[in-house]
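Subject: Structure for your review

Dear colleague,

Please find below the structure I am handing over to you. I would be grateful if you could look through it alongside the notes that come after.

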Amino acid sequence: MTLRFRTAAMVSITAAIVSGTALPPAGAAPPHPKPRGAFDLQAHRGGIAERTESSRSSFNHALSVGVSTLELDAQITQDDKVVVTHDRKTNPEVCTDTAPANPGDPEFPYVGKYVKDLTLAQLQTLDCGFQQRPGYPQQVPTPGSRMLELSDVFDLVKKRKAHKVGLNIETKVEAGAPEQTAPRQKFVRLVHQEIKRSGLHRQVTVQSFDWGALRQMHRLNPRIPLVALTNYDFLEVGKPGASPWTGGLDVDDFDGDFVRAADALPGVRTVSPVAGFPQGCSMADPDCEPYVTRAMVRRAHVRGLTVVPWTVDDPATFRYLLKVGVDGIITNDPTQARELLCAAGYKLPKPVR
């Protein structure tokens, strides 16, 4: 973490204490602005800690466990298909080659190549459930899993009659290196086309670290609620000019305030910040700096925005975020998240039978 961030974080926490917004004592009820039944439990990539990520198995399992929302990522192939994968470059930790899509294909092997440079047929030769993902010792791998299209996830939700489960779709436009993903305008247009075709637009939110993609989605369909993601570094606070990630906004024009800047984007209904730094740290660790604070949550709520941090698997961090009043959590481990929510007195999403 940079010294600039540490200083900003301490100033924010100090200001919160001075203004009377210090954290409540342990065990105090969370200052939630909505009924607790409204808490949004999101299964990150279907729940990496439990099943092969972004697979039919993971999304099916998350529905059966009981979540509010399936969180998933979209990429665009060379032949303009929308596939569900987090990685802009095929990841050897997740996928392995099996055989070329056509005999003598000069592009084979495919692992390690950009999704935008491969066709759907080539990508679907990959086995993306061949092993347990490193770092997730409880994950049940599903060998033979093929890369899904976005339409496959829509079809699964309809087949399971999961009418009350949301789909939070991330457009993985790489604003910092745009040559590594499909062009923003085409990327967003194709994702929107699949949403429209599915008939599930009322269950969909669209999120992105690339706020330019959010602007584009709002132009195409102003009725789709948008989610502004950040990892803080992408904001480029204190640097001259606008960050490539912030859709033409210079966050310094908003005094470096992520919430105010995101609220300036038309269509944004939710802010989704990283929980703390170093990314993935536990709030039980004295070196873990919270990015999400009660002051941030209150600023968002005043503006009518909900706050859904990512990606939270650590119990101490989860409890901290509940105490500061967040509206939801993106997690790799929905089963553990349900246990923590139950212990805190929250109403749980119903499993889809």
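This is a predicted model: local features need pLDDT of at least 70, side-chain atom pairs count only at pLDDT 80 or more; totals for chains, interfaces and linings use all residues.

Strands β1 and β12
Strand β1 (residues 40-44) runs parallel to β12, and four bridges join the two. Within this pairing, Ala 43 has Thr 331 of β12 as its bridge partner. Strand β12 spans residues 328-331 and is covered on both faces: Gly 328 and Ile 330 are buried on one side, Ile 329 and Thr 331 on the other. In a regular strand, side chains alternate between the two faces of the sheet.

His 44 also belongs to β1. This residue counts as buried because its relative accessibility is 9%, the cut-off being under 20%. Leaving aside residues up to four places away in sequence, His 44 touches Glu 71, Thr 311, Ile 330, Thr 331 and Asn 332.

Helix α4
In α4 (residues 150-159), the buried residues include Leu 150, Val 153, Phe 154, Leu 156 and Val 157. These lie on the same side of α4, because they cover an arc of only 160° around the axis. Just after the helix, Lys 161 adopts a positive phi of about 55°.

Cavities
There are three cavities of 30 Å³ or more. Among the lining residues are Glu 53, His 86, Cys 128 and Arg 146. The second largest cavity has a volume of about 50 Å³; its lining comprises two nonpolar, four polar and three charged residues, including Glu 53, Cys 128 and Arg 133.

With kind regards

Technical notes:
Residues are numbered from 1 along each chain as its sequence is written. Side-chain values use heavy atoms; hydrogens and water are left out. Buried means under 20% relative accessible area, exposed over 50%, partly exposed in between (1.4 Å probe, protein chains only). Two strands pair if DSSP finds at least two bridges between them. The arc is that of the directions from the helix axis to the C-beta atoms. Contact means heavy atoms within 4.5 Å. On a 1 Å grid over the protein atoms alone, a cavity is a set of points where a 1.4 Å probe fits but cannot get out, and a pocket is an open set with protein on both sides within 12 Å along at least five of seven lines; lining residues have an atom within 4 Å of a point. Grid points are joined across faces, edges and corners, and a volume is the space filled by probe spheres set on the points. Ala, Val, Leu, Ile, Met, Phe, Trp, Tyr, Cys and Pro count as nonpolar, Asp, Glu, Lys and Arg as charged, and the others, Gly among them, as polar.
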